[in-house]
Amino acid sequence: MKCIKIVFTAFGIMMLTVSALSAADFDWMVNLNLRSNADPYAYKSGLVSRFGVPESQLSVILKSVGAPADAYMILRLSELSGRPPEYVLKHYHAKKDRGWGVLAQDLGVKPGSNEFKTLKGGHDMRDMNDDRHDDKRDDKRDERDQVREKEHGKGKH
């Protein structure tokens with residue numbers, strides 16, 4: 001039983017490493033993979049919610065890519081290029097060894113464009129946000145608390 005766990009763990013690490021190496025400028029994908037592996041159901045739910053894809057379509061994409069973050073990139077490039085996910089997935093399989101930047105460019109996302117910079121900057125899934133996005137959420141929470149305090153204080157005077 002321990003051998004099976006070791007084999008699956010080694011395979012998972014290998015898949016993360018391969019995905020990270022092919023991502024080059026997209027190093028945020030490593031963190032997204034780690035978070036998705038920690039809670040795969042939340043990750044799948046987040047993708048369905050974020051991109052509005054049916055679970056059946058998402059399952060096909062997840063099964064045919066190297067790592068969970070690759071599925072996010074397929075869906076995000078589909079969104080940015082205006083092409084269906086199946087089209088992007090086909091190009092991914094043909095050119096995944098050339099990197100995400102090349103694939104994005106081939107799909108019409110121009111290097112240096114705002115879309116490309118945003119894509120390189122990180123994911124935009126609410127449930128899977130990096131710590132830098134959590135700060136923004138905390139700022140909004142603080143603003144809401146201040147408004148409540150002001151409203152509460154008005155009723156007492």
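The largest nonpolar core of this predicted model has 29 residues. A nonpolar core here is a set of buried Ala, Val, Leu, Ile, Met, Phe, Trp, Tyr and Cys residues joined through side-chain atoms within 4.5 Å. Buried means under 20% relative accessible area, exposed means over 50%, and partly exposed lies in between (1.4 Å probe, protein chains only). F26, L47, Y72, M73, I74, L77 and W100 have the most contacts inside the core. Seven elements are listed as giving two or more residues to it: α2 (28-38), α3, α4, α5 (68-81), α6 (85-95), α7 (100-106) and α8 (114-121). The largest share, seven residues, comes from α5.

The model is predicted, so local features need pLDDT of at least 70 and side-chain atom pairs count only at pLDDT 80 or more, while totals for chains, interfaces and linings use all residues. Residues are numbered from 1 along each chain as its sequence is written, and side-chain values use heavy atoms, with hydrogens and water left out.

Now the overall fold. The protein chain has nine helices and zero strands. Helices (H or I, at least four residues) and strands (E, at least two) are DSSP runs, numbered from the N terminus. Buried residues make up 31% of the 157 residues in the chain. Contact means heavy atoms within 4.5 Å. Among contacts between residues at least 6 apart in sequence, 60% join residues at least 24 apart.

Next, the helix packing. Axes are lines fitted to C-alpha atoms, for helices over the stretch in contact, and angles run from 0 to 180 degrees between N-to-C directions. Angles under 35 degrees count as roughly parallel, over 145 as roughly antiparallel, 65 to 115 as roughly perpendicular and the rest as oblique.

Start with α3 and α5. Their axes lie 11 Å apart, at an angle of about 0 degrees. That makes α3 roughly parallel to α5. From α3, the contact uses Y43, L47, R50 and F51; from α5, it uses P68, A69, A71, Y72, L75, R76 and E79. By class, this contact has eight nonpolar, no polar and three charged residues. Ala, Val, Leu, Ile, Met, Phe, Trp, Tyr, Cys and Pro count as nonpolar, Asp, Glu, Lys and Arg as charged, and the others, Gly among them, as polar.

Helix α5 also meets α2. Their axes come within 7 Å and cross at roughly 115 degrees. W28, M29, L32, N33, S36 and N37 of α2 face P68, A69, D70, Y72 and M73 of α5 in this contact. The residues divide into seven nonpolar, three polar and one charged.

Helix α3 (residues 40-51) has a further partner in α4 (residues 55-64); the axes come within 10 Å and cross at roughly 120 degrees. That makes α3 oblique to α4. Y43, K44, L47 and V48 in α3 meet E55, L58 and L62 in α4. This contact has five nonpolar, no polar and two charged residues.

Leaving aside neighbours within four places in sequence, M73 contacts F26, W28, M29, W100 and L119. R76 sits in helix α5. R76 is buried, because its relative accessible area is 10%. Not counting residues up to four places away in sequence, R76 touches R50, F51, T118, L119 and D124. K96 lies in the loop between α6 and α7. K96 counts as partly exposed, at 40% relative accessibility.
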